[in-house]
Amino acid sequence: MLLKYFDCTRSGPRSAFDNDIVFQFEIMEYILDFAFDRLGSDEAPINHPILITECACNLVHSRSKMAELLFETYGVPSIAFGVDAAFSYKYNQQLGICDRNGLAICSGFTTSHVIPFINGEPVYEACCRTNVGGYHVTDYLKQLLSLKYPHHMQRLTWEKVEDLKMEHCYITLDYASEVRLFQKGAKEAAEKTRCWQLPWTPSPVEEPPSEEEIARKAALKERQGQRLREMAEAKRSSKINELENELKGLEFLIQQLRHVNGNDIPSFLAETGYVSKQEIESAIVKVTQSLRKAKGEQDEVEEKQEISNLEKYTLIDIPDNMLTPEQVKEKKRQLFLKTTSEGRQRAKQKRFEEELERERRNKEDEQRRLENPELYMEQLRVKYKDLTEKVEQRKRLKTNGSNGNENLSGGVGRGERLNAAQKERMRLLTTAAFDRGKGEDTFGIKDEDWQLYKKMSKDNDDEDEGPNEDEAELARVASKLREIDPTFFPKSDASSSGTEPPRFRPLTKEDFQILIGVERFRCPEILFHPNLIGIEQAGLDEMAGVSIQRLQSKSQSLEESNGLTNSILITGGSCLYPGMSERLEAGIRMIRPCGTPIRVLRASDAVLDAWLGAASFASTMHFQRQVFNKTDYYEKGEDWLRRYQLKYSF
């Protein structure tokens with residue numbers, strides 16, 4: 001049955017009330033069904049008189065619709081309407097807490113009322129109302145905490161914020177001084193701040209391994225390395241044996257080939273799978289090279305191979321006029337092979353020298369790092385900064401060109417957008433067009449024309465795009481900094497603004513804490529200053545003064561008006577905050593004449609006193625004379641219902 005109270009289209013509960021006035025009677029019918037079912041009166045006619053509480057000065061339309069619902073739907077015999085704050089005041093009067101003349105200040109869920117009592121009866125003409133209550137305090141606290149801790153909004157449910165409000169909020173005697181106290185961050189402010197610790201699981205801390213664990217891992221690593229070395233040695237020995245057996249077989253085949261007659265050689269080679277003797281010798285050379293490489297004799301093989309290659313270049317030093325045409329072709333081939341081989345040797349020697357230079361620099365860097373680590377790190381950072389600026393400057397020059405071209409028009413011309421290679425090509429084209437454009441076109445006759453053509457070729461644009469020494473050095477310095485400085489973050493190409501990426505830290509216990517400081521008294525303050533949340537209405541203390549002034553305008557005596565402040569009863573769930581009595585007394589004292597007796601009293605049970613007072617009133621015979629039945633309702637009409645008021649004194 002409770003599912004009837006939820007609207008699936010809104011995904012939330014619907015309320016039958018709007019500022020304590022019933023306006024959704026379909027939902028009110030569901031609520032009454034549930035209430036009568038829990039009371040055991042599930043039959044169609046409810047043969048029992050009903051006493052219903054309402055707010056002060058309730059609308060006659062709402063009262064009429066409620067009476068019609070109870071008479072027509074549930075068939076109740078009689079009804080009586082009473083004000084909840086009046087029942088609470090009368091109940092506390094019976095307990096001897098308050099006097100017959102006084103004020104009832106009731107702050108509920110969505111509204112707050114001030115009702116004066118004269119001779120035990122409420123004077124509704126002088127009552128006062130404000131549409132601010134506990135709902136607004138909870139909503140304001142929820143908004144403040146959500147803005148303060150946006151990452152924990154899922155934890156800040158309505159029920160939890162309600163609990164925080166009732167547990168930690170209080171009303172201060174002087175709001176401005178309390179705010180200044182928290183602004184200064186004094187010790188008293190820290191003592192008044194409350195902390196709500198959310199569930200948090202600390203991240204596991206890796207304990208450093210013990211010496212025994214380190215020794216065990218080192219021994220295990222050594223055993224694994226030894227096993228791998230043994231496997232590699234066994235594989236190498238097996239490969240050497242295979243190559244030696246293959247080499248012996250090829251050498252034996254060559255020896256047999258020497259004893260074979262010339263006519264039988266093709267048939268003999270066909271049985272062995274080789275085509276010619278040269279193929280067998282080539283196979284022997286390859287197997288020998290593989291065998292020497294497996295045994296670690298690669299350098300000797302290369303030296304012998306280079307010597308053998310030099311022996312092949314026999315025609316290089318012989319003039320062409322002394323050679324036949326076939327020998328001239330062979331000479332050109334040998335020249336090409338020699339040039340290629342020398343180029344490979346130079347490249348190899350250059351790589352070897354670069355490797356030696358790299359090792360030397362690494363040794364020097366390591367020595368400087370060991371001598372003074374802080375100075376070494378600082379030097380690396382300065383070097384990294386300089387190289388970064390140089391590389392970025394080079395990239396800017398590639399994109400925009402040099403700053404030597406002055407554009408008098410103030411805009412960016414084509415020369416400023418071209419890189420250096422493109423600008424040089426444009427200059428050469430312009431020069432060639434100017435020099436060669438007169439008379440006969442003779443471009444290409446001279447050799448230097450082709451050099452100019454190569455310079456003008458667009459393929460040369462990629463020369464500047466190759467690897468740069470500064471970029472290589474920048475990468476080396478960045479890798480060094482990453483090794484020795486864990487807080488170093490290299491600048492990416494995308495972020496050229498110079499801002500370092502955010503450094504993430506592990507979450508701690510403090511990240512899962514919600515501190516409630518100034519919110520403790522700032523939220524309940526809206527009961528006295530509703531303009532803090534945009535409601536331009538009077539607060540509780542001002543409402544009490546307005547109610548007393550209305551009594552005086554109704555020709556009440558001054559003594560009776562002053563006697564009201566001697567018995568001020570605060571009731572309702574929103575009057576349970578600590579400091580409410582003192583704040584009300586101080587506020588009312590400021591608007592009343594000097595010497596007026598002021599006494600603020602707290603209800604015995606601010607939440608249930610209204611129900612207890614109504615139950616006590618319904619159990620008396622006086623209640624039976626205050627009800628009206630269905631016949632009275634339809635005969636007398638809404639005008640009589642508008643003037644209907646319950647008499648609380650008996």
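1. D365 and R368 form a salt bridge (a side-chain nitrogen of Lys or Arg within 4 Å of a carboxyl oxygen of Asp or Glu), with their closest N and O atoms 2.5 Å apart. The two are about one helical turn from each other, because they sit 3 residues apart in helix α12 (residues 325-371); helices here are DSSP runs of H or I with at least four residues, and strands are runs of E with at least two, numbered from the N terminus. D365 is buried at 7% relative accessible area, while R368 is partly exposed at 36%. Buried means under 20%, exposed over 50%, and partly exposed in between, with a 1.4 Å probe and protein chains only. Shared partners join R361, D365, R368, K383, E473 and R476 into one salt-bridge network.

2. The model is predicted: local features need pLDDT of at least 70 and side-chain atom pairs pLDDT 80 or more, whereas totals for chains, interfaces and linings use all residues. Residues are numbered from 1 along each chain as its sequence is written, and side-chain values use heavy atoms, without hydrogens and water.

3. The whole structure holds 23 salt bridges. One of them pairs R599 with D99 at 3.5 Å, N to O. R599 lies in the loop between α21 and β14 (600-602) and D99 in the loop between α3 (84-94) and β7 (102-107), so this pair ties together parts 500 residues apart in sequence. R599 is partly exposed at 32%, and D99 is partly exposed at 34%.

4. R236 and E233 also meet in a salt bridge, at 3.3 Å, N to O. They are 3 residues apart in helix α8 (residues 211-258), and therefore separated by about one helical turn.

5. V546 is in helix α19. Its C-alpha atom is 9.3 Å from that of V114, 432 residues away along the chain.
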